[in-house]
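Me: I have a model open and want to talk through the fold. Can we start with the overall dimensions?

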Amino acid sequence: FDTVAILNVPFIKTTNAGFVQQLQTDILAHHNRFVVTANPEILMYAREHPDYQHVLTQADYITPDGIGVIQGAQILGTPLPERITGYDTLLTLLKWGGQQHQRIFLLGAKPAVLQQVATIVQRDYPGIVVAGARDGYYDDEQAVVDEIVAAKPDMIFVATGFPKQEFFIAQYRQRVDALWMGVGGSFDVIAG
Ligand code: UDP
């Protein structure tokens, strides 16, 4: 994709449809991909935390998640087509993933929330294989990574909030060639 830089962060210049189509191609080819959906809060945080800024440089796709980013791009005279949120992308991929019998790993949120999300996803997106799930309040990070590797997922959704989810993905993504995406508070939204 072409990109538009805002505060040194390159945002992909595409629509939700164009983005998801690219992700589907990547997933089917087992490409290793790291997606960050970045809102203004993330931009401010990156500006003050060089280690997080460095993690962002490793992302394959950074999407404009938040109207503030869209407005910023407009003001700079380099408009972006539309918001691309983690939540919307997650739901679209779950729908498609069901049809494709894709394997997913769910990491994050409190144990009860995660349990509900696993149940809801299997009910609402038939065909999806929840290959593994782990709440976001772990002590043994290595054990979590081992679980992810053993599950052989096609898509790994990390819902431990920023910046934790992006640090985690950047550190461990090479262990599985899959789509790795931080989805913030999405599991809480799904659980309702
Ligand atoms: N969370 C987690 N582990 C942690 C801290 C937070 O799994 O150590 C979860 C929390 O339960 C919530 C999500 O991460 O489900 C954070 O949601 P929030 O909306 O704050 O994240 P953001 O969208 O700002 O990244």
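**Overall dimensions**

Reply: With 192 residues, a compact globule would have a radius of gyration near 16 Å, and the protein chain agrees because its value is 16 Å. That radius is taken over C-alpha atoms, and the globule rule is 2.2 Å times the number of residues to the power 0.38. This is a predicted model: local features need pLDDT of at least 70, side-chain atom pairs count only at pLDDT 80 or more, and totals for chains, interfaces and linings use all residues. Residues are numbered from 1 along each chain as its sequence is written.

Me: How many helices and strands are in the protein chain?

Reply: Nine helices and eight strands. These are DSSP runs numbered from the N terminus, helices being H or I of at least four residues and strands E of at least two.

Me: OK, the core. Which residues have the most contacts inside the largest one?

Reply: I62, I156, F157 and V158, in a nonpolar core of 54 residues. Such a core is a set of buried Ala, Val, Leu, Ile, Met, Phe, Trp, Tyr and Cys residues joined through C-beta atoms within 7 Å. Buried means 20 or more other C-beta atoms within 10 Å of the residue's own, with C-beta atoms placed from the backbone.

Me: And which strand gives the most to this core?

Reply: Strand 7 (residues 155–159), with five residues.

Me: What does F157 touch?

Reply: Leaving out residues up to four places away in sequence, F157 touches L90, I104, L106, L107, M181 and V183. Contact means C-beta atoms, placed from the backbone, within 7 Å.

Definitions and conventions
Buried ≥ 20, exposed ≤ 12 C-beta atoms within 10 Å, placed from the backbone. Contact = placed C-beta atoms within 7 Å.
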